[in-house]
Amino acid sequence: MDCLFCKIIAGEIPSKKIYEDDSVYAFYDINPQAPVHFLVIPKAHIGSAGEITAGNSAVVAHIFEVIAKLASELGLANGFRIITNCGEDGAQTVKHLHFHVLGGKKLIEKMA
Ligand code: 5GP
Ligand code: ZN
C-alpha cells in the first residue's frame, strides 16, 4: 500500500521516533505547529477517524493512554491539544489515522 505513515512505521522513511510498541508508533511532526508537536498512529493501517469500528477501536483507546504518558514525559503537564483531521472537509492530508498532540505554549482558542 502506498501510505506514507505505513512506510514510516516500516522504517522505509526516516522519522524522529518518540515511542513504539506492538500496536502504536509516535514521532515528531516534520512541520511543527507548536513548540511540541508529535503524531501518534496505529501500526495497523486505518484510513481515518471515519474508519474506526467496533473491530479496530481498541488501538484508539491505547493511543490515548500513550498520549497521556508521552505528554507527561515531554513536559506538557500544563496542558495540550489532541487533533485528528478526517477527510476532505477535515483537511486530512495523510490518509492513515493520526492524532496530533500540540503543546508547549498557550494555544489559540480558535478551532477552525
Ligand atoms: P494531516 O494534515 O493529515 O492532519 O496531518 C499530516 C501531518 O503529517 C502534517 O502535520 C505534516 O506536517 C505531517 N507529515 C507529513 N509528511 C511527514 C513526514 O514525512 N514525516 C513526518 N514526521 N511528518 C510528516
Ligand atoms: Zn498506512
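The lining of the largest pocket splits into 17 nonpolar, 9 polar and 2 charged residues (Ala, Val, Leu, Ile, Met, Phe, Trp, Tyr, Cys and Pro count as nonpolar, Asp, Glu, Lys and Arg as charged, and the others, Gly among them, as polar). Keep in mind that this is a predicted model: local features need pLDDT of at least 70, side-chain atom pairs count only at pLDDT 80 or more, and totals for chains, interfaces and linings use all residues. Residues are numbered from 1 along each chain as its sequence is written, chains are lettered from A and ligands numbered from 1 in the order in which they are written, and side-chain values use heavy atoms, with hydrogens and water left out.

**The largest pocket**
- Its volume is about 590 Å³ (the space filled by probe spheres set on grid points, which are joined across faces, edges and corners).
- A pocket here is an open set of points on a 1 Å grid over the protein atoms alone, where a 1.4 Å probe fits, with protein on both sides within 12 Å along at least five of seven lines; lining residues have an atom within 4 Å of a point.
- The lining has 28 residues, and Tyr 28, Asp 29, Ile 30, Asn 31 and Leu 39 lie nearest the centre.
- At least two lining residues come from each of α1 (4–9), β2 (24–28), β3 (36–42) and β5 (99–103) (DSSP runs numbered from the N terminus: helices are H or I, at least four residues, and strands are E, at least two).

**Ligand 1**
- The largest pocket is the space that ligand 1 takes (more than half of its atoms lie within 2 Å of the grid points).
- Both α1 and β2 give two or more residues to the shell around ligand 1, with the largest share, 3 residues, coming from α1.
- In total 16 residues surround ligand 1, the closest being Asp 29, Asn 85, Thr 93, His 98 and His 100 (a heavy atom within 4 Å).
- Sorted by class, that shell has 9 nonpolar, 6 polar and 1 charged.
- For polar contacts (pairs of N or O atoms within 3.5 Å), an oxygen atom of ligand 1 is 2.5 Å from a side-chain N or O atom of Asp 29.
- An oxygen atom of ligand 1 is also 2.9 Å from a side-chain N or O atom of His 98, and one is 3.0 Å from a polar backbone atom of Val 94.

**The second largest pocket**
- This one holds about 320 Å³ of space.
- Residues lining the second largest pocket include Gln 33, Arg 81, Asn 85, Lys 105 and Met 111.
- Its lining counts 7 nonpolar, 2 polar and 3 charged residues.

Conventions. Polar contact = N/O pair within 3.5 Å; in protein donor to acceptor, adjacent residues only side chain to side chain.
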